[in-house]
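Please read it alongside the model.

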Amino acid sequence: MEKLERYEPLVEDFDAFLDACQRPLPSVVRVNTIKATPERATAALDEEGVDWTGREWSDTVLELDTDSPGSTWASYHGWIHGQEEVSAIPAEVLAPEPGERVWDACAAPGSKTTQLAALMDDSGLVVANDNNLGRLSALRFNTERLGVTNAAVTNTDSRNFSLKPFDFDSFDKALVDVPCSCEGTIRKNPTALDDWTMDHVRSVAGVQKGILRRAIQATKEGGTVVYSTCTFAPEENEAVLDHALDVEDCRLVEFDFPLDSRPGVTEFEGEAYDESVRKAKRFYPHHNDTGGFFCAKLEVTG
Ligand SMILES: C[S@@+](CC[C@H](N)C(=O)[O-])C[C@H]1O[C@@H](n2cnc3c(N)ncnc32)[C@H](O)[C@@H]1O
């Protein structure tokens with residue numbers, strides 16, 4: 001936990017934050033509306049004797065009273081998909097419409113790709129890219145199991161992603177759920193911080209900046225880009241947004257989300273960030289009994 005001590009100046013109720021980081025995560029799933037209604041999925045769970053509780057903010061997010069939601073019949077049928085509560089935030093914020101063209105720049109293993117497809121009624125196009133071929137097999141498995149037919153899978157470095165193979169020259173929207181130092185996943189994976197170093201934070205921040213820039217360039221003027229991480233480090237969050245605001249045509253946009261959150265921070269360890277990064281949201285484990293998460297919404301302005 002000492003690696004999280006650097007966030008004490010940012011987090012109110014720091015002791016409660018550290019306590020929450022040491023508790024196991026609730027077992028949460030998303031109902032896959034491509035194959036089932038929430039009523040159908042919950043009836044199947046009832047039949048199987050798996051207790052579930054709904055969430056006020058979404059009728060597709062359920063907490064299950066089992067540690068292995070993937071072993072339920074509902075999961076086997078593709079009616080539910082194990083997905084942490086905060087992981088469902090970015091696709092909801094991007095809010096893709098049926099028929100749109102969406103780029104999922106860091107897509108594997110596909111939790112958010114399949115959620116985007118469901119929000120789009122499995123119409124239009126989701127281009128799901130990841131540079132890790134091994135992780136793309138998990139994405140293919142998930143898209144198939146969940147009945148997604150509107151996704152095209154590509155395997156390249158998103159920093160150099162080319163639109164040449166496509167018959168259009170920009171996306172309507174892009175989701176940028178970047179690789180990160182994963183500090184916010186400590187509840188799911190207690191060893192998540194074992195290999196944490198400041199050097200890794202700095203190097204992954206360079207990759208994040210490149211991917212976010214390419215997503216802004218590949219999205220039409222007026223289009224939306226959502227940037228997310230599962231980490232607390234401002235170097236990977238607000239600093240990445242600050243860089244994009246400097247070098248690309250974009251602005252941050254306010255958004256509402258019905259979970260308790262804190263605004264993005266404008267200063268950390270002597271670095272100052274653009275005031276508008278306050279429009280981003282930080283989700284801390286002790287506020288909603290979730291993992292840690294960061295989410296920002298940008299509009300492409302040029
Ligand atoms: C946080 S995970 C994405 C999780 C995924 N969005 C989901 O909801 O299932 C980040 C992903 O970025 C991929 N990645 C890392 N560097 C990349 C790059 N330069 N270009 C494209 N993908 C990259 C990793 O392989 C990893 O699968």
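The structure holds 15 salt bridges. It is a predicted model. One of the bridges pairs Arg213 with Glu248. Their closest N and O atoms are 2.6 Å apart. Arg213 sits in helix H7, while Glu248 belongs to the loop between H8 and strand S10 (250–253). The partners are 35 residues apart, and the pair links distant parts of the chain.

**The H7–H8 contact**

Arg213 also takes part in the contact of H7 with H8. Helix H7 covers residues 198–217, and helix H8 covers residues 238–247. Two packed helices are described by the angle between their axes and the distance between the axes. Here the packing angle is about 45 degrees, and the axes lie 9 Å apart. H7 and H8 are therefore oblique to each other. The crossing of H7 past H8 is right-handed.

**Backbone features**

Two loops carry backbone features of note here. A cis peptide bond joins Ala108 to Pro109. Its omega is about 5 degrees. Pro109 is in the loop that runs between strand S5 (101–104) and helix H5 (111–119). Ala95 is not a glycine, yet its phi is positive, at about 50 degrees. Ala95 is placed in the loop between helix H4 (89–94) and S5.

| Site | Backbone value |
|---|---|
| Ala108 and Pro109, cis peptide bond | omega about 5 degrees |
| Ala95, positive phi | phi about 50 degrees |

**Annotated span**

What does UniProt list for residues 17–301? The unreviewed entry gives "domain: SAM-dependent MTase RsmB/NOP-type". In the model, the end C-alpha atoms of residues 17–301 lie 37 Å apart. The span is 29% helix and 25% strand.

Note on methods
Residues are numbered from 1 along each chain as its sequence is written. This is a predicted model: local features need pLDDT of at least 70, side-chain atom pairs count only at pLDDT 80 or more; totals for chains, interfaces and linings use all residues. Side-chain values use heavy atoms; hydrogens and water are left out. Axes are lines fitted to C-alpha atoms, for helices over the stretch in contact, and angles run from 0 to 180 degrees between N-to-C directions. Helices (H or I, at least four residues) and strands (E, at least two) are DSSP runs, numbered from the N terminus. Angles under 35 degrees count as roughly parallel, over 145 as roughly antiparallel, 65 to 115 as roughly perpendicular and the rest as oblique. A crossing is left-handed if the near helix is turned anticlockwise from the far one by less than a right angle, and right-handed if clockwise. Contact means heavy atoms within 4.5 Å. UniProt positions are given in the numbering used here, feature names are shortened, and annotations may be inferred rather than shown by experiment. A salt bridge is a side-chain nitrogen of Lys or Arg within 4 Å of a carboxyl oxygen of Asp or Glu.
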